[in-house]
Amino acid sequence: MAWFKRSKENIETSGVKKDIPGGLWSKCDKCGEIIHHKQLVSNYYTCIKCNYHFRIGSDEYIPILIDKGTFRETDAKMKSGDPLKFVDSKKYTDRVNGAIKKTGLNDAVRTGFGKVDGISIVFACMDFKFIGGSMGTVVGEKIARAAERALKNKRPLIIISSSGGARMMEGALSLMQLAKTSARLAQLDEAGIPYISILTDPTTGGVTASYAMLGDVNIAEPGALIGFAGPRVIKQTIGKDLPEGFQRSEFLLEHGFIDVIVHRKEMKQTVATLLKHMTD
Amino acid sequence: MAKTVLDFEKPVFDLEQKIQEMRKYEGNVDISGEINRLEKKVHQLRESVYSNLTRWQRVQLARHPERPYTLDYIERIMDDFVELHGDRKYGDDKAIVGGFAILDGKSVMVIGQQKGRDTKSNVYRNFGMMNPEGYRKALRMMKLAEKFKRPIITMLDTPGAFPGIEAEERGQAEAIARNLFEMSKLKVPVVVVIIGEGASGGALGIGVGDRILMMENAWYSVISPESCSSILWRSWDYKEQAAEALRLTAPDLVEQKIVDRIIKEPLGGAHRNPQEAAMILKDVLIEELKLLSKLKPEKLVERRINKFVQMNG
């Protein structure tokens with residue numbers, strides 16, 4: 001015998017379930033501050049308390065840097081093939097299609113024309129959420145084409161990087177994208193056209209070892225991880241703990257590889273000012 | 001005779017050893033018929049083992065401890081080599097060697113990654129893993145070559161750029177990026193040869209040229225099979241599969257239109273007959289430089305940039 005009986009109506013919740021959409025609140029990875037989405041957007045996706053820069057992609061960065069309504073995307077539909085028929089635990093084609101579905105992007109970079117404070121530029125912005133912002137033939141080709149368009153149209157080039165490096169699943173062809181993009185930048189340089197590289201968290205491996213480090217001016221966001229080898233690999237190799245702040249923007253500034261660290265809030269103003277110095 | 005025997009070569013070596021043993025008694029007893037028979041057999045065995053190498057087996061050959069390195073080739077195919085040192089900024093990276101030398105009566109600049117033969121020399125050479133000053137040293141020598149209108153030959157043989165604290169402090173990424181940038185517009189012919197291991201950006205850092213040649217048993221890719229295994233399979237045990245998936249052999253790279261030409265090696269690998277390997281390389285280099293010498297500097301640069309721009313898979 002049960003000690004008491006449950007009547008069904010008593011356990012039903014009253015009223016309508018409150019609808020709290022996921023992602024309305026974000027937690028700062030660094031200080032744990034809970035920030036409302038609206039506040040996060042108006043604060044350029046940086047923490048209101050500790051200034052931590054959230055990882056953002058092209059969707060968020062385009063309105064931050066480019067004048068409203070001026071962005072005209074190029075090569076938007078370019079998608080990766082599978083030159084090596086690469087299979088690890090997963091087929092590469094499945095990986096790419098999965099990433100396309102999940103992110104709504106076609107690869108790890110978007111390129112186009114636009115204006116910064118009225119100055120016409122060619123623009124590229126990487127998306128870390130697409131297979132770790134890795135550079136395969138599509139990223140390499142789009143960056144190279146962006147540089148070529150900058151050259152042809154005599155417009156400054158701005159690239160925002162965030163990448164784990166070259167994409168393994170396209171093998172040596174990924175590696176060749178380092179040479180390809182650098183070669184196009186060399187042509188841009190010869191023609192006297194400005195190139196500003198903006199490095200965000202994280203920028204490592206093949207992207208750092210090619211276009212990200214080749215700006216006439218290299219700008220970094222505060223606290224971004226920037227390096228060639230990943231910290232884990234270095235730690236493994238040397239068998240020692242890494243110093244505090246190693247491979248962060250401030251470390252690179254100190255060692256002479258970054259011109260200036262700029263808060264995302266002031267990014268557009270800084271870029272515009274630089275462009276005015278570098279163009280007639 | 002080679003001292004290090006790879007697993008898959010063992011049957012060949014066992015038979016070769018047996019023949020050698022028998023030769024010792026040849027004076028006493030007439031066993032020439034038997035020896036001839038075994039010679040034929042070992043020849044067939046070599047053919048079947050070495051003409052069907054898996055990708056991982058080629059990686060092992062590329063890393064063979066007796067495989068000729070940059071200095072071995074320079075010594076065998078060039079004269080009057082004057083080794084140059086230092087980047088004039090920080091130091092002299094021993095993982096890379098280079099200098100002026102005479103090839104077929106003409107002055108060239110030869111630059112290559114250099115491994116050591118034993119523990120001591122490997123420590124000295126940092127296992128062929130360059131630091132930023134190495135890339136800057138190489139670039140300095142390339143700029144010298146450009147100034148004096150000498151063609152450049154680079155030899156790639158590295159397990160990767162060195163992943164260390166100081167390397168990052170001194171700008172490993174910037175040093176490699178700068179080389180790619182500058183090499184693409186050098187106004188003299190650049191011939192690149194992958195002679196052993198071509199691991200990622202560390203190798204490519206001296207690998208932008210007009211002609212990309214690759215020795216038959218060398219490998220070249222974006223990552224080593226071991227690291228690829230550890231990242232994608234989360235275990236070091238899938239290196240064979242990773243080597244297959246990466247398609248990193250010379251024939252693979254010709255198919256991917258990255259490498260222009262494969263340089264044949266003596267059967268069983270360059271270490272089996274370094275002199276023969278060097279002579280084959282020498283003939284190819286002379287031939288390639290002769291063709292490139294006909295092109296005007298502007299044409300060279302234009303062709304070189306187009307070559308890399310077209311690498312799309």
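**Strands, packed helices and salt bridges in a predicted model**

Strand 7 of chain A, residues 195-204, is mostly covered, with 10 of its 10 residues buried. The model is a predicted one. Strand 7 of chain A pairs with strand 6 of chain A. The two strands run in the parallel sense, and 6 bridges join them.

Chain A as a whole holds 9 helices and 10 strands. Its C-alpha trace spans about 90 × 45 × 45 Å along the principal axes. The chain has 280 residues, and buried residues make up 53% of them.

Two helices of chain A were then examined as a pair. Two packed helices are described by the angle between their axes and the distance between the axes. Helix 5 of chain A and helix 6 of chain A pack at an angle of about 5 degrees. Their axes lie 9 Å apart. Helix 5 of chain A is therefore roughly parallel to helix 6 of chain A, because angles under 35 degrees count as roughly parallel. On the side of helix 5 of chain A, the contact is made by Thr137(A), Gly140(A), Glu141(A), Ile143(A), Ala144(A), Ala147(A), Glu148(A), Ala150(A) and Leu151(A). Helix 6 of chain A contributes Leu173(A), Gln177(A), Lys180(A), Thr181(A), Arg184(A), Leu185(A), Gln187(A) and Leu188(A). By type, the residues of this contact divide into 8 nonpolar, 5 polar and 4 charged.

Lys180(A) forms a salt bridge with Glu141(A), and the closest N and O atoms are 2.6 Å apart. The pair links distant parts of the chain: Lys180(A) sits in helix 6 of chain A and Glu141(A) in helix 5 of chain A, 39 residues apart. Lys180(A) is buried, with a relative accessible area of 0%. Glu141(A) has a relative accessibility of 12%, so Glu141(A) also counts as buried, because the cut-off for buried is under 20%.

A salt bridge also joins Arg184(A) to Glu148(A), with the closest N and O atoms 3.5 Å apart. Here too the pair links distant parts of the chain, Arg184(A) lying in helix 6 of chain A and Glu148(A) in helix 5 of chain A, 36 residues apart. Arg184(A) counts as buried at 9% relative accessibility. Glu148(A), in contrast, is partly exposed, with a relative accessible area of 26%.

Another salt bridge of chain A connects two loops. Arg167(A) pairs with Asp107(A), and their closest N and O atoms are 2.7 Å apart. Arg167(A) lies in the loop between strand 6 (157-163) and helix 6 (171-190) of chain A. Asp107(A) lies in the loop between helix 4 (92-103) and strand 4 (109-116) of chain A. The two residues are 60 residues apart, and the pair links distant parts of the chain. Arg167(A) counts as buried, at 1% relative accessibility. Asp107(A) is buried as well, with a relative accessible area of 2%.

A search of the whole structure finds 48 salt bridges over all chains.

In chain B, strand 5 was followed through its partners. Strand 4 of chain B, residues 152-158, pairs with strand 5 of chain B in the parallel sense over 6 bridges. Within that pairing, Val190(B) is the bridge partner of Ile152(B). Strand 6 of chain B, residues 211-215, runs parallel to strand 5 of chain B and is joined to it by 4 bridges. Val192(B) stands opposite Ile212(B) of strand 6 of chain B. Strand 7 of chain B, residues 219-221, also runs parallel to strand 5 of chain B, with 3 bridges between them. There, Ser221(B) is the bridge partner of Ala199(B).

Note on methods
Residues are numbered from 1 along each chain as its sequence is written. Chains are lettered from A and ligands numbered from 1 in the order in which they are written. This is a predicted model: local features need pLDDT of at least 70, side-chain atom pairs count only at pLDDT 80 or more; totals for chains, interfaces and linings use all residues. Side-chain values use heavy atoms; hydrogens and water are left out. A salt bridge is a side-chain nitrogen of Lys or Arg within 4 Å of a carboxyl oxygen of Asp or Glu. Buried means under 20% relative accessible area, exposed over 50%, partly exposed in between (1.4 Å probe, protein chains only). Axes are lines fitted to C-alpha atoms, for helices over the stretch in contact, and angles run from 0 to 180 degrees between N-to-C directions. Angles under 35 degrees count as roughly parallel, over 145 as roughly antiparallel, 65 to 115 as roughly perpendicular and the rest as oblique. Contact means heavy atoms within 4.5 Å. Ala, Val, Leu, Ile, Met, Phe, Trp, Tyr, Cys and Pro count as nonpolar, Asp, Glu, Lys and Arg as charged, and the others, Gly among them, as polar. Two strands pair if DSSP finds at least two bridges between them.
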